[in-house]
Every structure is written in C-alpha cells, then in structure tokens.
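The structure is shown first, and the notes follow by topic.

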Amino acid sequence: MALSGKLSVEVTVQTPAAKYFNIFITQFHKLQNICERILEGNMHEGDNWHVPHSVKNWTLIVDGKPIKLKEKIEAIDKENKSITYNLFDGDISKNYKVFKFFFQVFEKSDGGATAKFTIEYEKINENVEAPYGFMEFFDKGAKEVDSYLLKA
C-alpha cells in the first residue's frame, strides 16, 4: 500500500470563475460564515488572510468529526485562478507527513465555472486511510460558496 497519494474533486458552480476565485483571494476569512462545516478560523501568524505564508488556525468538520489544523497559502496564481495551500499541525499531523491542497477555478462556456480541489498527501504509515472525507468537505463547501455568491 502506497503512503503517498492524490485525490481530486471537481464541482460545477453557476458563479462566474473570476467572482468565485475572488472570494478565496480577498474574502477567505468569510468562509467560516458561509460554510456549515467550517466551525472557526482565525489568524495565527501574520496580519493578512490573503497572502502567502500567513498562518491560520481552522476547526473543520470532516467525516462528521471536528478537526483542528493550521493552513498557509504557499502560492497564488491569479492568471490561472489557482491557489496552493499547505495544511499542517493539529489533527492533520497525526496522520499525514505532507498535506497540500490545490484549488483552481476554470471558466465554462455557459458563464459558470468548475472548481477543482486536489489533495496531495503522504500518510505517516500504512494504517492511515486516504483523506476521502476532505473530498466531501470540499464538494459541500464549494456548493455553499456558490449559493452565497449567487445571492450576493
């Protein structure tokens, strides 16, 4: 059984790609008020939610259980509407040596978009399950963000 892996989920949204991507680079702090499975988010290091290397604390519901972790943005590519995140410490570090997720938004011809979430991970041992619960977390959260933006 491999210790490293990659999981991905794509979610079709009605919000235009630029508007959808924008909430992640200018209003990331609002996700805790939009997404039911984000219980709490706050700054740990830094003073700006939207720049690489600022560290945030998060409490999320994944697989029906609360988990705590830290997150930092490693890279933002505005032209390609993509962001690379590193998740670490807390409950993540109990099971994974490496846990990165990549978020990208693609424009669709109908005016909507596709939001793609990809996790690259390395488990601490073979007894740890792949992080399938995060795929459901991202799927549901992407739809909640879309709903919020359509009402805005």
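## Briefing on the predicted model

Lysine 108 has a relative accessible area of 29% and is therefore partly exposed. The model is a predicted one. It holds 11 salt bridges and 1 cavity of 30 Å³ or more, and its largest nonpolar core comprises 45 residues.

**Charged pairs**

- Side chains of opposite charge can pair when their charged atoms come close.
- Lysine 108 meets aspartate 110 in a salt bridge, with an N to O distance of 3.8 Å.
- Aspartate 110 has a relative accessibility of 58% and so counts as exposed, whereas lysine 108 is partly exposed.
- A salt bridge also joins lysine 81 to glutamate 107, where the closest N and O atoms are 3.3 Å apart.
- This pair links distant parts of the chain, since lysine 81 belongs to the loop between β4 and β5 while glutamate 107 belongs to strand β6 (residues 96–107), 26 residues apart.
- Lysine 81 counts as buried at 15% relative accessibility, whereas glutamate 107 counts as exposed at 60%.
- Aspartate 89 and lysine 70 form a further salt bridge through their side chains, at 3.5 Å from N to O.
- Because aspartate 89 lies in the loop between β5 and α3 and lysine 70 lies in strand β4, the pair ties together parts that are 19 residues apart in sequence.
- With 34% relative accessibility, aspartate 89 is partly exposed; lysine 70, at 17%, is buried.

**Asparagine 86**

- Asparagine 86 is located in strand β5.
- Its relative accessible area is 15%, so asparagine 86 is buried.
- Beyond its neighbours within four places in sequence, asparagine 86 is in contact with Lys70, Glu71, Lys72, Glu74, Phe99 and Lys100.
- Lys70, one of these contacts of asparagine 86, is also the salt-bridge partner of aspartate 89.

**Nonpolar core**

- Within the largest nonpolar core, the residues that touch the most other members are Tyr20, Phe24, Leu60, Phe103, Phe134, Phe138 and Val145.
- Helix α4 (residues 132–151) makes the greatest contribution to this core, with 7 residues.
- Phenylalanine 24 touches Leu31, His50, Ile83, Tyr85, Phe103 and Val145, when residues up to four places away in sequence are not counted.

**Leucine 31**

- Leucine 31 is placed in helix α2 (residues 31–34).
- The relative accessibility of leucine 31 is 5%, under the 20% limit for a buried residue, so leucine 31 counts as buried.
- With residues up to four places away in sequence left out, leucine 31 touches Phe24, Ile38 and Val145.
- A distance of 8.7 Å separates the C-alpha atoms of leucine 31 and glycine 141, which are 110 residues apart along the chain.

**Largest cavity**

- The largest cavity contains about 300 Å³ of space.
- Its lining is made up of 23 residues, of which Leu31, Ile38, Phe101, Phe137 and Phe138 are the closest to the centre.
- Two or more lining residues come from each of α1 (17–26), β3 (55–62), β4, β5 (82–88) and α4.
- Helix α4 gives the most to the lining of the largest cavity, with 8 residues.
- The lining of the largest cavity has 18 nonpolar, 1 polar and 4 charged residues.

**Largest pocket**

- The volume of the largest pocket is about 320 Å³.
- This pocket is lined by 16 residues, and those closest to its centre are Val62, Asp63, Asn95, Tyr96 and Phe134.
- At least two residues of the lining of the largest pocket are supplied by each of β4 (65–77), α3 (90–95) and α4.
- The largest share of this lining comes from α3, with 4 residues.
- By class, 9 nonpolar, 2 polar and 5 charged residues make up the lining of the largest pocket.

- Phe134 is among the core residues that touch the most other members and is one of the residues closest to the centre of the largest pocket.

Definitions and conventions
Residues are numbered from 1 along each chain as its sequence is written. This is a predicted model: local features need pLDDT of at least 70, side-chain atom pairs count only at pLDDT 80 or more; totals for chains, interfaces and linings use all residues. Side-chain values use heavy atoms; hydrogens and water are left out. A nonpolar core is a set of buried Ala, Val, Leu, Ile, Met, Phe, Trp, Tyr and Cys residues joined through side-chain atoms within 4.5 Å. Buried means under 20% relative accessible area, exposed over 50%, partly exposed in between (1.4 Å probe, protein chains only). Contact means heavy atoms within 4.5 Å. On a 1 Å grid over the protein atoms alone, a cavity is a set of points where a 1.4 Å probe fits but cannot get out, and a pocket is an open set with protein on both sides within 12 Å along at least five of seven lines; lining residues have an atom within 4 Å of a point. Grid points are joined across faces, edges and corners, and a volume is the space filled by probe spheres set on the points. Ala, Val, Leu, Ile, Met, Phe, Trp, Tyr, Cys and Pro count as nonpolar, Asp, Glu, Lys and Arg as charged, and the others, Gly among them, as polar. A salt bridge is a side-chain nitrogen of Lys or Arg within 4 Å of a carboxyl oxygen of Asp or Glu.
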